[in-house]
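Have a look at the sequence and the model, and then we'll walk through a few spots together.

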Amino acid sequence: MLRAWDNCGNASSIHEEGRRARAELESARETIAERLGVLPQMVLFTSGGTEANNLALKGAPVERIVFSTVEHPSVTEAARAAGVAVETVAVDSEGIVRLDALKSILANSPLPTLVSIMLANNETGAIQPLAEVAALARDCNAIVHTDAVQAFGKIPVNFNILGIDLLTVSAHKLGGPVGAGALIIREGLRLKPQFHGGGQEHYRRAGTENAAAVAGFAAAIAESEPDSARLRDRLERELEGISPDVEFFSRKGARLPNTSCFAVKGVPAEMALINLDLDGMAVSSGSACSSGKVGRSTVLSAMGVSTETAGCAIRVSLGWNSTDSDIESFIGAWRRLTERTKKRAA
Ligand code: PLP
């Protein structure tokens, strides 16, 4: 990133600095393309996952969008703002999309349709059966978008094996900088641009590209390896030792190896968050908190989790640099928190 910053060029300029910025961009494009198993020209750089999701949903040549009840707001709100018909497909108690429900939704309308189902959930880590979703969609001539923001860098992701048309990734979820992302677009699929202006990104996204952020994105990808679940599993095992009534969400099926979402009745999420923060642990509540407020988790409610239990749900995400000593610190902090809660209840 420092190399690209020092260079200071605009990738569309033909002078030396511009050519250097262009080289950074194209080299990053190749790194991302290679990791996802696509051609470099299929990679369109954006400012992050939100922009890529908006471009996919608002720009696709369709008249109906179908998305699951556990999608990120950058999908649900973009779909609702797209000015086309929208339908939601339910999930089961593990947070997995109901394929029977999707099949009947796809069959019930002749409208050209886009199906948007995330690859892995941001609250629970549940991994969706994307290849099966894509096969159902193909039978009905629907196009498929997946939000792979949480999955990319944590599990292997291959665009062609999934058999999809559009895929979103974001740099800051795998250790890269905030402010860089990409939309992968199947060759031949034309999207309506959402930004108008210059001819950058082959007239698909106007605006001078952020070469430094994109270089950071590529560097993070080059360093990233699919995670092992060892640390997360250790955390869950030791947590069960302290709080035997802990309820883990989406634990029965395929899950991201770095994510654990759980609730312990009697330990409200806000209290847990504040206490863990004082102990130096940055965790999130299961609830959406993008506005700075703790709201009800639409993901857990779509999975049929009661409001009372959802109010106690927190999610722990391990990063690329997490270690055993982080798990030990977390477990120590959790032990202190539960002791305090018990004393207060007594
Ligand atoms: N999609 C999912 C599943 C996410 O978890 C996030 C961010 O948390 C986004 C999209 C938005 O990505 P960005 O923050 O890069 O806009």
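Which strands and which helix do the buried residues of H10 pack against? They pack against strand S8 (247-248), strand S9 (259-263), strand S11 (313-317) and helix H14 (324-345). Packing here rests on contact, which means heavy atoms within 4.5 Å.

Before going on, some ground rules. This is a predicted model, so local features need pLDDT of at least 70 and side-chain atom pairs count only at pLDDT 80 or more, while totals for chains, interfaces and linings use all residues. Residues are numbered from 1 along each chain as its sequence is written, and side-chain values use heavy atoms, with hydrogens and water left out. The helices (H or I, at least four residues) and strands (E, at least two) are DSSP runs, numbered from the N terminus.

**Helix H10**

Back to H10, which covers residues 230-242 and has 13 residues. From its first C-alpha to its last it reaches 19 Å, close to the 18 Å expected at 1.5 Å a residue. That expected span is 1.5 Å times one less than the number of residues. Its buried residues are Leu-231, Arg-232, Arg-234, Leu-235, Glu-236, Leu-239 and Ile-242. "Buried" means under 20% relative accessible area, "exposed" means over 50%, and "partly exposed" is in between (1.4 Å probe, protein chains only).

**Around the ligand**

Now for the ligand: 14 residues surround it, and the closest are Gly-49, Thr-50, Asp-147, Gln-150 and Ser-170. A residue counts as near if one of its heavy atoms lies within 4 Å. Helix H3 (residues 49-59) gives the most to this shell, with three residues.

| Side chain | Ligand atom | Distance |
|---|---|---|
| Asp-147 | nitrogen | 2.6 Å |
| Gln-150 | oxygen | 2.8 Å |
| Ser-170 | oxygen | 2.7 Å |

Taken alone the ligand exposes 390 Å², and the protein buries 84% of that. Accessible areas come from the Shrake-Rupley method with a 1.4 Å probe, and for residues only the protein chains shown count as cover.

Next, find Val-267 in the loop between S9 and helix H11 (269-278). Is Val-267 buried or exposed? Val-267 counts as buried because its relative accessibility is 4%. Leaving aside neighbours within four places in sequence, Val-267 is in contact with Ala-272, Cys-312, Trp-334, Leu-337 and Thr-341.

Asn-275 sits in helix H11 and is buried too, with a relative accessible area of 16%. Not counting residues up to four places away in sequence, Asn-275 touches Leu-337 and Arg-340. The side chain of Asn-275 also reaches the backbone oxygen of Met-271 at 2.8 Å. Asn-275 and Trp-334 are 59 residues apart in sequence, yet 8.8 Å apart in space, C-alpha to C-alpha.

**Two positive phi angles**

Finally, check out Asn-141, which has a positive phi of about 60 degrees although it is not a glycine. Asn-141 lies in the loop between helix H6 (130-139) and strand S5 (143-147), and it is exposed, with a relative accessible area of 70%. Tyr-203, found in helix H8 (residues 200-203), has a positive phi of about 65 degrees and is not a glycine either. Tyr-203 is exposed, with a relative accessible area of 67%.

How values were computed
Polar contact = N/O pair within 3.5 Å; in protein donor to acceptor, adjacent residues only side chain to side chain.
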